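Biologist: Could you take me through this fold? I would like to begin with the strand pairing.

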Amino acid sequence: MKTVSSLQPQENQSCRAHRKFKQIQMPFFAPIMETNSYPAQERIMSGSGRCLCGAAKFKFERKPLWSGFCHCESCRRNCAAPVAAFFGVANEHYRWLGTPPATYKSFADVTRHFCAKCGTPMAYEAERFPGEIHFYATTLDDPADFKPKFHVHYKEPVEWLHITDDLPKYQTTSLNGNAE
Ligand SMILES: [Zn+2]
Ligand SMILES: [Zn+2]
């Protein structure tokens, strides 16, 4: 197996900032470059996604932290959809490919990512969910990879959307609300 250092370009050893950047990035890129070095059970689900025009893409390794639906008004307006389907991935297990998405701060602590070319909503980040990004499941290259487990902000669904699944339905978030 190649070592990670052998895959890195030569650097100027006197550049401390560059070394620090490399330290941060190495675990981020290594799993994607050397997928076979991970045991099979650690690769239960990996995947990739893209926007409508294909300029913004992402790839992630490892099973998502969680998967579910959000019915909050903010997500619905952002996605122009009756509900947002999304899943969480740890920051060290994904990376953007192609043209990096643009961002919009929908609240002081919330950053939403979207393709700067075609406008497709791609992902959500919030300070109250440190260390993870929430990708919108409908951007997945294979939507069958999405395995939803719950609904959050279920007090806000649009009246004409009829949900018939048996998944737990939280009035606010799963962190601070009881499931119905
Ligand atoms: Zn696009
Ligand atoms: Zn939401």
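Biologist: Which residue in β7 does A102 stand opposite?
Modeller: In this predicted model, A102 faces F114 of β7. The two strands concerned are β6, residues 102-107, and β7, residues 110-114, which pair in the antiparallel sense over five bridges.

Biologist: How many residues lie between β6 and β7 in their hairpin?
Modeller: Two residues separate β6 from β7 in that hairpin.

Biologist: And which residue of β8 is the bridge partner of V110?
Modeller: V110 has A126 in β8 as its bridge partner. Strand β8 covers residues 121-126, and its antiparallel pairing with β7 runs over five bridges.

Biologist: What does the turn between β7 and β8 contain?
Modeller: Six residues lie between β7 and β8, which also form a hairpin. In that turn, G119 has a positive phi of about 85°.

Biologist: What holds paired strands together in general, by the way?
Modeller: Strands of a sheet pair through backbone hydrogen bonds, in either a parallel or an antiparallel manner.

Biologist: Now to the three-stranded sheet. In what order do its strands come?
Modeller: The order is β1-β2-β5, the sheet is open, and the pairing is antiparallel. β1 (47-50) and β5 (94-98) are the edge strands; each has a single partner strand, so one side of each is left without a neighbour in the sheet. From one strand to the next, the twist averages 20°.

Biologist: How many bridges join β1 and β2?
Modeller: Four bridges join β1 to β2, residues 56-60, in the antiparallel sense. As an example, R50 has K57 of β2 as its bridge partner.

Biologist: Which residues does R76 contact, leaving aside its neighbours within four places in sequence?
Modeller: With those set aside, R76 is in contact with A81, P82, V83 and A84.

Biologist: Finally, the chain as a whole. How many helices and strands does it have?
Modeller: The chain has three helices and 10 strands. Buried residues account for 26% of its 180 residues.

Biologist: And what share of the contacts between residues at least 6 apart in sequence join residues at least 24 apart?
Modeller: The share is 54%.

Definitions and conventions:
Residues are numbered from 1 along each chain as its sequence is written. Chains are lettered from A and ligands numbered from 1 in the order in which they are written. This is a predicted model: local features need pLDDT of at least 70, side-chain atom pairs count only at pLDDT 80 or more; totals for chains, interfaces and linings use all residues. Two strands pair if DSSP finds at least two bridges between them. Axes are lines fitted to C-alpha atoms, for helices over the stretch in contact, and angles run from 0 to 180 degrees between N-to-C directions. A residue is buried if 20 or more other C-beta atoms lie within 10 Å of its own, exposed if 12 or fewer, and partly exposed in between; C-beta atoms are placed from the backbone. Two residues are in contact if their C-beta atoms, placed from the backbone, lie within 7 Å.
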